[in-house]
Amino acid sequence: MLFVSLISLALVGSVTPTPTTDPEWVPTTGPDVTSSSPITSSSPDSICDEILFRSGPLNENYGQDIAHRLHSMTVEDIKYYFGVSVTLDNGIPTVNTNMTANAKRVLSDAPVAGYDEAFMTQAMKQLDKVLRNMDDPDWAIVNYSLVEKITHSFHMSELWARAKSHYEILTLNPLSGEVCECLTSSESDVIPALELLALKIKFPGLTSGTPPAAPPPAAADKDSGYKSKAAAYRIAYDLSAGKSKSIQHRRHLRNFNFCGNDRDVIRKAQEELVDGDEGLEEHLDSEEGWNTWREGFKNMDDFGNYQFAAYMHCRLR
């Protein structure tokens, strides 16, 4: 399945969240803003799980939803979509577009995009950015064609634009201090999910459980021992395996050590993070391929945009 199938939970006032699969889901009000004692990073994750999704405004897939929307965020994008000017030391993590061997995979701060401000529209600025890097095999997403990189850039803009409406509601009806402390804590699911996403972008098919073959992509570490099957990052992977497996996967990610060079992390990930994700199933090289991508984009659950908006709300307020 090409795109994420999410079980979404919405919180209206003090009402317990209920599942929704409506792509056009919109919260009518924000969650309860009553705050109690602060939550520290040393708090048991069960406490934050309770605050965030068992009785809170998010769902258990919040880490992956947020990571998907964070992974190509820049300083300029934050300003354009969320109206906040941030410094280089902004605390908005993202995936490094530098795919060279052993480059840091996750950046602690969103970088400057360097858009050409001579262009007036975001579309032209993003198109220019992709085309300026089109000859660099170590830039952005491994094994994506030029058309796929452009489409991916526009897709991210679509998600941020949808998240913006939720963000604006949250500025009027803020999340509680407890929720924000848990959501932005180093103990949350966001950074592990982003680290996993960075690995999947750089080494597509890594967690498939299938022995790799053929030469490695240009961006891969030639000395890492990993060889891709000319796979490419799947924009979102299937989470429909069920709640129990999702909980197990989350706990495993929290405990996984993503530090180290590419060779070491690849070896551990192939053994410990197997999830059946073989990478992109349908390349964008025909009308049929575009139909698949388009329907996937259109069917993505809007609750993921709300969860991302909640994270940005907590980071930027």
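Which residue forms a salt bridge with D189, and how far apart are the closest N and O atoms? In this predicted model, in which residues are numbered from 1 along each chain as its sequence is written, local features need a pLDDT of at least 70 and side-chain atom pairs count only at pLDDT 80 or more, whereas totals for chains, interfaces and linings use all residues. Side-chain values use heavy atoms, with hydrogens and water left out.

The partner is R254, whose salt bridge with D189 has its closest N and O atoms 2.5 Å apart; a salt bridge is taken here as a side-chain nitrogen of Lys or Arg within 4 Å of a carboxyl oxygen of Asp or Glu. This pair links distant parts of the chain, since R254 belongs to helix α8 and D189 to the loop between α6 and α7, 65 residues apart. Helices, here and below, are DSSP runs (H or I, at least four residues), as strands are runs of E (at least two), and they are numbered from the N terminus. D189 also meets the side chain of R250 in a salt bridge of 2.5 Å, N to O. R250 counts as buried at 6% relative accessibility, and D189 counts as buried at 7%, where buried means under 20% relative accessible area, exposed means over 50% and partly exposed lies in between (1.4 Å probe, protein chains only).

By the salt-bridge rule the count comes to 15. Another of these pairs is formed by D262 and K202, with the closest N and O atoms 3.0 Å apart. It connects helix α9 (residues 262–272), which holds D262, with helix α7, which holds K202, and the two residues are 60 residues apart. D262 counts as buried at 1% relative accessibility, and K202 counts as buried at 1%. Salt bridges that share partners join D49, R54, D189, R250 and R254 into one network. Side chains of opposite charge can pair when their charged atoms come close.

Helix α7 (residues 190–202) also contains K200, which is buried with a relative accessible area of 5%. The side chain of K200 makes a polar contact of 2.9 Å with the side chain of D275, and a polar contact of 2.8 Å joins the side chains of K200 and D277. A polar contact is a pair of N or O atoms within 3.5 Å; within protein, one must be able to donate a hydrogen and the other to accept it, and residues adjacent in sequence count only if both atoms are side-chain atoms. In the loop between α7 and α8 lies S208, which is buried with a relative accessible area of 10%. S208 and V274 are 66 residues apart in sequence but 5.8 Å apart in space, C-alpha to C-alpha.

The structure holds ten aromatic pairs, a pair being defined by rings of Phe, Tyr and Trp (its six-membered ring) whose centres lie within 6.5 Å, with planes under 30 degrees apart counted as stacked, over 60 as edge-to-face and the rest as tilted. One of them is the tilted pair of F53 and Y62, at 6.4 Å centre to centre and 40 degrees between the planes, and both F53 and Y62 are buried. The rings of F303 and Y306 have their centres 5.5 Å apart and their planes at 35 degrees, so this pair is tilted. Both F303 and Y306 lie in helix α11, three residues apart, about one turn of the helix; F303 is buried with a relative accessible area of 0%, and Y306 counts as buried at 3%. Elsewhere, Y144, W290, W293 and F297 form one aromatic cluster.

Helix α11 itself (residues 303–316) has 14 residues, which at 1.5 Å a residue should span 20 Å, and the end C-alpha atoms are 20 Å apart, in agreement; the expected span is 1.5 Å times one less than the number of residues. Of the 14 residues of α11, 13 are buried, so the helix is largely enclosed by the rest of the structure.

On the surface, L131, M134 and L146 form a nonpolar patch with about 230 Å² of accessible area together. Patches are made of residues with over 30% relative accessible area and no salt bridge, like charges being joined within 9 Å and nonpolar side chains (Val, Leu, Ile, Met, Phe, Trp, Tyr) within 5 Å. Accessible areas come from the Shrake-Rupley method with a 1.4 Å probe, and for residues only the protein chains shown count as cover. L146 lies in helix α5 (residues 146–172) and counts as partly exposed at 32% relative accessibility.
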